[in-house]
Amino acid sequence: MSHVTCTTGQLFPVADIGRVAHDKGAWFALDGAQAPVCVPFDLAATGADVYTCSTHKWIMGPKRTGFLYVRPSWSRRCGR
């Protein structure tokens, strides 16, 4: 889901939504294209298992740049 919407700037209560997802056994993935510059940003506090961000938008990085966060415990689940 979006962390912050691009159309209205709505900030979702992602930590609460993440807790509900984890309580139900679901993974929680966030699209953060707008969030890292538009709102106070603490990736760990989001509770996301996966977080993506295209840094060419609000961060003003070069086109086709971004970052992908994957919860560290997931790499252990994959045998790495």
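The protein chain has four helices and three strands, where helices (H or I, at least four residues) and strands (E, at least two) are DSSP runs numbered from the N terminus. Read along the sequence, these elements follow the pattern α-β-α-α-β-β-α. This is a predicted model, in which local features need pLDDT of at least 70 and side-chain atom pairs count only at pLDDT 80 or more, while totals for chains, interfaces and linings use all residues. Residues are numbered from 1 along each chain as its sequence is written, and side-chain values use heavy atoms, with hydrogens and water left out.

The C-alpha atoms of the protein chain fill a box of roughly 35 × 30 × 15 Å, taken along the principal axes. Of the 80 residues in the protein chain, 29% are buried; buried means under 20% relative accessible area, exposed over 50%, and partly exposed in between (1.4 Å probe, protein chains only).

The largest nonpolar core has 11 residues, among them V4, V14, F28, L30, L43 and Y51. Such a core is a set of buried Ala, Val, Leu, Ile, Met, Phe, Trp, Tyr and Cys residues joined through side-chain atoms within 4.5 Å. The elements that give two or more residues to this core are α1 (14-23) and β2 (50-54). Leaving aside its neighbours within four places in sequence, Y51 is in contact (heavy atoms within 4.5 Å) with residues including L30, A35, F41, L43 and F67.

The protein chain has 9 positive and 5 negative side chains, and the centres of the two sets lie 10 Å apart; Lys and Arg count as positive and Asp and Glu as negative, while His and the chain ends are not counted. The count of salt bridges comes to two, a salt bridge being a side-chain nitrogen of Lys or Arg within 4 Å of a carboxyl oxygen of Asp or Glu.

Key: The place of a charge is taken as NZ of Lys, CZ of Arg, CG of Asp or CD of Glu.
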